Amino acid sequence: MSHSQDHAHTHDHDHVGDAPLRALLIALGVTSVVFFAELIGGWLTGSMALMADAMHMLSDAAGLIIAVIAVVIGKRAASMKATYGYRRVEVLAAATNALTVLVISVWIVVQAIRRISAPTEIDTAPMMVIALIGLVANAVSAWVLHSQRENSVNVEGAFLHVLVDMLGSVAVLVAGAVIAFTGSQLPDVIASFLIAALVLPRAWSLLRHSLQVLLEQVPPGFDVESVEPALRAIAGVVDIHDLHLWSLDGVSVLATVHVVKHPGEQGARVLDDAQEVLRELGIEHSTIQVELPEHRGHENVC
């Protein structure tokens, strides 16, 4: 007996309303403008700290883009050609963005190290003006996102990213002030390292998480070890096999499993109990095959 749970399972990002989407789009617009301003400003002024903070903004812009994709694509229904929908697009975008940010951040660190032995004159006035604009822009983004934090985990994550951005802008401002008063170019290098230290772990974590999803692994934080014992504990179940757990979007967990029942048990009752057990463990969508012990010889177990 086979059964595929048909009800539309829900996630936090599936039913995000227009208000959180608007908040994400506003924050994305502000972040994008500041990124280009800092990138161009860093090139014109010679400030590696400003360039590093631009890469920081790029990493957060990537996070905001992914959040927007999750909202928009998450609303698209599955089709005959895309029976699972389009959630994997979000994961591909995340992996691409994370890899790009990692490469650019490493380049920033290498350039900053070179600056130690060969300092470059930095024009601190425009450097600090641009950093101040970035700080104000991040404050605006944080204010816009704050009102929608409780409505979406995507917005909550974006809000936390913007707070870190504010710290990066503060680091550039402090570096610019120290350079202006002391004449030393070293604070610019130090600020670059500090900002890179904020960006690299997050980019690496995002890339690793994306690859885990693409490799059909279970999302981090899910208690894998509890699934099999819970299914085996169902009354009338004599064995289970072909248990597979994976995710399409890195958040929700999907499951397929073959449940072997005692010949005297009702298959419908075993099926209902198995679905309920999985639901209690956080698996809203499952495909369960209920079978008799003698069926084992008619299939290849993987």
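What percentage of the 302 residues in the protein chain is buried? In this predicted model, buried residues account for 47% of the 302 residues. The legends below begin with the whole chain and then turn to individual sites.

**Figure 1. Overview of the protein chain in the predicted model.** The chain contains 8 helices and 4 strands. Read from the N terminus, its elements follow the order β-α-α-α-α-α-α-α-β-β-α-β. Of the contacts between residues at least 6 apart in sequence, 75% connect residues at least 24 apart. The accessible surface of the protein chain amounts to about 14900 Å², and 65% of this area is supplied by carbon and sulfur atoms.

**Figure 2. Segments annotated as "transmembrane region" in UniProt.** The unreviewed UniProt entry places this feature at residues 21–41, 61–79, 91–113, 125–146, 158–183 and 189–207. Two of these segments are described here in terms of the model. Residues 125–146 are 100% helix and 0% strand, and the C-alpha atoms at the ends of this segment are separated by 31 Å. Residues 189–207 are likewise 100% helix and 0% strand, with 26 Å between the end C-alpha atoms.

Figure 3. The patch is formed by Ile 113, Ile 116, Leu 186, Ile 190, Phe 193 and Leu 194. Together these residues present about 540 Å² of accessible area. The largest share, 4 residues, belongs to α6. Ile 190 is located in helix α6; this residue counts as partly exposed because its relative accessibility is 43%, a value between the limits of 20% and 50%.

**Figure 4. A network of salt bridges linking Glu 228, Arg 232 and Asp 239.** Glu 228 pairs with Arg 232, with 2.9 Å between the closest N and O atoms. Both residues belong to helix α7, residues 227–232, where they are 4 residues apart, or about one turn of the helix. Asp 239 also forms a salt bridge with Arg 232, and the closest N and O atoms are again 2.9 Å apart. Glu 228 is classed as partly exposed because its relative accessibility is 35%. Arg 232 is partly exposed as well, at a relative accessible area of 36%.

**Figure 5. The salt bridge between Arg 279 and Glu 284.** The closest N and O atoms of this pair lie 3.9 Å apart, under the 4 Å cut-off that defines a salt bridge. Arg 279 is partly exposed, its relative accessible area being 29%. Glu 284 is also partly exposed, with a relative accessible area of 30%.

**Figure 6. Glu 294 in the segment after strand β4.** Strand β4 comprises residues 285–291, and Glu 294 is placed in the segment that follows. Glu 294 has a relative accessible area of 55% and is therefore exposed, the threshold for this class being over 50%. In sequence, Glu 294 and Pro 263 are separated by 31 residues; in space, their C-alpha atoms are 9.6 Å apart.

Definitions and conventions:
Residues are numbered from 1 along each chain as its sequence is written. This is a predicted model: local features need pLDDT of at least 70, side-chain atom pairs count only at pLDDT 80 or more; totals for chains, interfaces and linings use all residues. Side-chain values use heavy atoms; hydrogens and water are left out. Patches are made of residues with over 30% relative accessible area and no salt bridge: like charges are joined within 9 Å, nonpolar side chains (Val, Leu, Ile, Met, Phe, Trp, Tyr) within 5 Å. Accessible areas come from the Shrake-Rupley method with a 1.4 Å probe; for residues, only the protein chains shown count as cover. A salt bridge is a side-chain nitrogen of Lys or Arg within 4 Å of a carboxyl oxygen of Asp or Glu. Helices (H or I, at least four residues) and strands (E, at least two) are DSSP runs, numbered from the N terminus. Buried means under 20% relative accessible area, exposed over 50%, partly exposed in between (1.4 Å probe, protein chains only). UniProt positions are given in the numbering used here, feature names are shortened, and annotations may be inferred rather than shown by experiment. Contact means heavy atoms within 4.5 Å.
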